[in-house]
Amino acid sequence: MLAVCQALPMTGPTERAVKNKLLNNGMKLQFFNNRLIRQAVEGTPLTNLKSFLVGKNYLVVSTEPCVSALIKTLRSVPELILLGGLVDNYLLSREGFNKYFKLPDLDTMRGELDVLDLRGKIKVKTCSRGITYTAAYSQDNSAMIYLLCTLVCAILVYVEAVLPQLPDCQRLEDHVLDSANPIDVFGANQEIGQRAVPVRNANLRSRGPIPTHHFATSQIKVKDRPEPLRIFPYEAHLDTAGVVYDAYTMERWYDPKRTDVMDQQSAWEAGRPWNKLNDMGTNLKQMVSGPDGNPLGVFTGKSGVRLGMAGSGEPIMTDFGDLYANFLFTGAGGTMEVPVVRGATLVTHIYKNANPVVKPYCLSSVAGHAAHFECPVEGSGEMSYAVNVIGKYVLPNDWGNAPQRAHCNRRRRGVADISLSATCSSDRRLTIQIDLADVTIKSVGQIQFAVESASLWTSQFVPGMHNCDASTCSQQGNRVTIHAQAPSADYKLAVNIISVTTLPLENWLQAPFHGKCDGSTVSSSGGTHVTSAPGNPTTRPGDTQPFALSSNTKFLLELDEPGGALSGQTRKFILYFSSPVRASVNSGTSEISFEPQSGGRYSGLVQLGYLGVGPKGDTSKSNALDQYHGIYSYKPTVSSCVSDSRAKAYLSFDWNPVDQNGHPTSRQLLMVTLPHQEYNMRSQFASNLRDSVFGFRTYEGNSWLQQYDVPHTPVDPDTAAVNRIKQNGAQLNDIISAIQRDAANVNLDAVCAHSDSYNAGKAIGMATRLASISRAFGTSHFRDLDTMIGQCLSKWLRVEDTLDNMWKFHYDTVWGGLFLRATNGDLDWGVDYGFPYYNDHHFHLGYFLYAMAYYVKYHPGWGADHKDRIYLVARDVGNPSWRDPHFPVVRHQDIYNGFSWASGLGPGERQEESASESINCYHALAALGDAFNDPYLKHAGQLHLAMEIASVREYWQVRAHNRNHFPPMLQKTGVVGQIAEGAWYVYTLDWPCDPNRFPMRHGCLVGIQVIPITAVSKHWVDQEWAGSIKEICEMAINPRLAADYSKVDPNDHDFRELTSGWQAFCYAAMAPLDEAHRTRAADYLRTKRPQDLVAGSGAASTLLFIYGST
C-alpha cells in the first residue's frame, strides 16, 4: 500500500506520536520531493498519482494493504489528511480508500468502484532495508523506473509547513487568469530592445516572459558592471572571474556609523550656511553595501571571498524562480553551476571537471596557516560639491544644476595606515620616507627619529631621539622625507610622530626596524611588515611563496577587513568540499587553487559560509555549519492560496533540498528569515527558529508556511463605518459638502486624454474613489462621474482608440509586458517616469485597475465586453502563474522581501519610494477579482496586498516591535522615504517637495507613504504609526515647534509654509491617534477643494478616512 497524505503543521511530540502509531500498525511515514515523483510517474500507468501531489505530502507505506488500520489511525491524527494512493495494484481516491475500508474484500470493492487496473504493469520487490516497494513499468522505455523504490526506501522526514488542504484554498500558481494574447489586442512593439535587450542569459525569452524586477535581473539588463545580487545574508558580484561574496549582516540596517547624512535640504543657521540644523530634519541614507572597513562605501566585489574556475567566460543565467536564479560558468572543458538561492546560509557551487580557484580578499590565514593576500580599499563613489565665498562669488556659477564632481576612490586613511620605508646606501646614507595617510601634522617638528648601530641597540638600550628640522626633514603633501647618516652598516631605526603614533606601531623599543646599508629597504604598513634587500629574499610561509595544504574537505579562512578596521579580529569564512582536495596557496596572486586528492579535475560541491567576527586565531565557531553542508536548496518553489472561510492567505516556501549528488534528501536546511518572515512565523514555528551570526534569525527546515489575515478588499468604503458617520449629523454634513466640492472640480475629461499614464491614473483614481463615496452616501454625483470614468477607461484600453499614439498600449515582445512609448521623441530612460522600461507599472496601472474594479462592479456588461483588455492590464502587474506565456509572475513584488520594487530596466539598483501606491495596486487587483466574481484574481490580489501591507509595516514604518531595526535618526522620524538595495533605508525623495526644505519636507516624506487614501488605508495608517510620525508632522505643519527654529536664517526663501496638500496627508496620518487629532484634521480639511490637495486626492476621501478610517 502507498497512501498520499497532506500534512498540516504539528509539533515535534505530535510528529513522533504519529510515526509511532503508524509503526505499531505496520506502516511507515515518509516524505519525498513532489517534483521527483511527478517526473517518475509521467507517461506511466501511475500518472494519475500526480493529482494527489499538492503542496507537500507525506507517504504512508506498508507491505500489506493496511487500509483499515490506516483509516482508523488517521481518525486520531487531524494533522494528516488522506488524499489517495495505491492499494493492491489499484489507484484509489480518498473516497476509494473509505469504500475499501467498508467492504469485506478486494473483489467486492472492484465491483463497486471505477478504478484503474494496473495488474501486469506493477512489479513488487524488496529493497535492501527489507521494505517492499512498488515500481511502475513504462511501456515507452525498456528500463524499469525504480523511482518509487527510492520513495519508499528513503529516510523519514517531517515537513513543517505546507499549504493547508481546505476546499476553498486553491493553489494560485496553477491558474492562468486569462488566455488572451496581448499582441492580438494591442499589437507588438520591440523598441525597448534598442536600449534594454537581455544579456548574459540562455535565451530565457524563448521560454517565456523575463522578470523585470527579479533580484537577478541586474545581471541580465546590463552587460558591464551590473549591480550586485542581494541574496540575504550575502551580496554577490558576478563577472568572468567568478562570484565574489561578502556577508550581509542585519546590524548594517541600524549601525549609526553607516548613516550617511545628506543635508542638501536641511535648514541652516543664520549667518552660517555651512552649519546645518539637522535636528530639524535631514536627508540620509543607511549605507548597507560597503564592507565594515568602509561603512559609507559600496560593495564592488573587492572584499569577501571569490569562487571561480580557470578560463571561465561570462556567467550565463540559465533559470530563475521567485526565490532563485541559476548561473553557469564554462571554460577549459569544465563548468561551475551556481544555484543562487535567497536566504541560503551556505552558498553552493557545483563543479564539473573544473578545479576551484578561490580568492579571499585580505586573507590572514587559511586552515591555521598564515597568509597575506591582497587587501584593496573599497571605493566610495562620486561626490558633487560647490564652494560659496559669502558675499563674493559661487563656484561653479551654475552650481545647483552643474556642481563640481570628484571621484572618491578610497576611504579616508587613518593612523593605522601611516607607513614607513627606509633605504640605506653602501656609503650609509639613509633616506626615510613616511606616508602620513590622511593624518594632519602641524609641521615636521612633530616628528622624531632614532637610528643607532644594531650592535648597540639591545634590549637594555634606550636610544636618543632626533627632532626633525628643516636641515634633515622635508614635507610634501602627506609625505615626509628624512635624510640621515646611519652610524653603521647594520642599523636599527624607529620614528615617533608626537601625539599620533610610533613606527613600528608596537614595541618600537624592543623591536625596531632593522636594516642594512646595502641598498636594501625596510618598510611597514601600519608598522607591521618588513621587506628584505633586493636579491636576498627572506619570505615567510604564506607571504609570497606558494605553499601547499594537506588534503581535506573543510578549510577555515580568516580575513582582515580592508583598511585594518578590525583590530585583533578577523572575519571567518568556511569552505566545504564534497570530497577531499589539496590546496595550493599563492600570496603572489592572492589565490588558492584546489584539486582532487588524487589529482586531475574536480567534480563536486564547493560551499562557502560566513561564521562571523572573532579574535584572530579563534576557531571556536568553525563547526557551526557542519551539519548543514553537503545539502543545498535547488530551484525552490513558492505556492500560495487564500481561504475565504478562514479569511487567511497562505504562502509556502518549499526549499527542495538535494544532496551532493543532486538527489532529494531529508536532511534539514538552515535558511535566513527576514524580519517580516520571522515575525509572521514565530508563534507557530518558534522551535524552528535559530539565532545567527548574521543578526537575522534562521529557520531550520525544508518548508516555510506564512499566513496573513486577508483585509477587506472591495473598492467601496466599509459599510459599518459609513453608517456610523450617517448617525453623526455634523460628520455627515461635512462628507456631503466635500462630495459636492470635489465633484464640482473634477477635470477627468481634460486630464485623461492629455496627460501621462501616472497623472491620468491618479485623476481617474480620484474620480473613482469619489464615485464610490457618492454611492455610499446616497448622492447622485456618481452618475456623471461614472460617465467620465467609463470614457477614460475606454480610451486607455483602446476600446475607443483615440489617444495619441505615444499613449497607446502595445505588447513588448523583448521582455514580455505592456509598453507605452510615452513620447514622440527619443525613448529616454526617464520618459513617463520610466514606464517604457517597466518602472512604476504597479503605480500607474494600479490607479487604472482601481477604476476598472469600480466600473466593472457597477457596469458588468461593459466589463464582460472588454474583459480581455482589462485582464491584460491586470496580468501585467498581478499574474499569479508561471504558466502564463505572456507576463511574469507579479511583476514588481519581491516574494522573499515581501514588498515591491519600482525600478525596472534602467541603470542602477532596485528601489521603491511610494509603498502605499504599491498597496493600491494589489487592492485594485483584489477588488477587480471581486467585481468579476473571479476567485483566482481576487485571491491573488488579497495575498499580495496582505504581503505588501505586512512589509510596509515592517520596513517603511517605525513601530514598537521593529524600532531597533532602524538607525537612531530614523527612529525619530518614524518613517522612511524609500527602500534601496545598497542603502536599505533612505530618507529622501526623488522629487522636490514644496517647499523643499526641512522640517516642512517631512510632510512630503509622510504623505508619499499615505497616497492614495482608500478603504484599505487603515491597515497601515493606524494609531501606532500616528504616534511614530507625530513629531515630524507637527514640525512640518508648524516649523516654530522645532527646537532650533530660532536659529534659522530668515533670508532662506525656501523656509515657508508647507503646501496644503501635503499638510492634509500629515493631518490624516495623525488622525487615528486620538479624538483631538481627528478633530484638528477634520477642521483643516473641511473647506478644501481638490486643487488644494495633492493630485489624485479629494476632500471627501480624506475626510471619510479621518472620520471612519475607510
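Predicted model: local features only at pLDDT ≥ 70, side-chain atom pairs only at ≥ 80, totals over all residues.
## Buried or exposed

A residue counts as buried when its relative accessible area is under 20%, and as exposed when that value is over 50%.

To describe two aromatic rings, we give the distance between their centres and the angle between their planes. How many aromatic pairs does a search of the whole structure find? The search gives 48. In one of them, the rings of Phe-653 and Trp-655 have centres 5.8 Å apart and planes at 85 degrees, so this pair is edge-to-face. Phe-653 and Trp-655 are both buried.

Now back to Phe-966 and Tyr-985: their ring centres are 4.5 Å apart and their planes are at 25 degrees, so the pair is stacked.

## Charges over rings

Rings can have a charged neighbour too. The charged end of Lys-1088 is placed over the ring of Tyr-1084, at 3.9 Å from the ring centre. In a second case, Lys-867 lies over the face of Tyr-871, and the distance to the ring centre is 5.1 Å.

Most peptide bonds are trans, and most residues other than glycine have a negative phi. Here are some places to look for something else. The bond from Asp-994 to Pro-995 is cis, with omega near 0 degrees. Pro-995 is part of the loop that runs between strand S56 (985-987) and helix H21 (1001-1007). Another cis bond joins Ile-1011 to Pro-1012, with omega at about -5 degrees, and Pro-1012 belongs to the loop between H21 and helix H22 (1023-1037).

What about positive phi values? Ala-332 has a phi near 55 degrees and sits in the loop between strand S20 (324-331) and strand S21 (334-341). Arg-798, with a phi of about 65 degrees, is in the loop between helix H14 (782-796) and strand S52 (810-812). Is each of these residues buried or exposed? Ala-332 has 52% relative accessibility, so it counts as exposed, whereas Arg-798 has 15% and therefore counts as buried.

Note on methods:
Residues numbered from 1 in each chain as written. Heavy atoms only, no water. Helix = DSSP H or I, 4+ residues; strand = E, 2+ residues; numbered from the N terminus. Buried < 20%, exposed > 50% of the residue type's maximum accessible area, 1.4 Å probe, protein only. Phe/Tyr/Trp six-rings, centres within 6.5 Å; stacked < 30°, edge-to-face > 60°. Lys NZ or Arg CZ within 6 Å of the ring centre and 35° of its normal.
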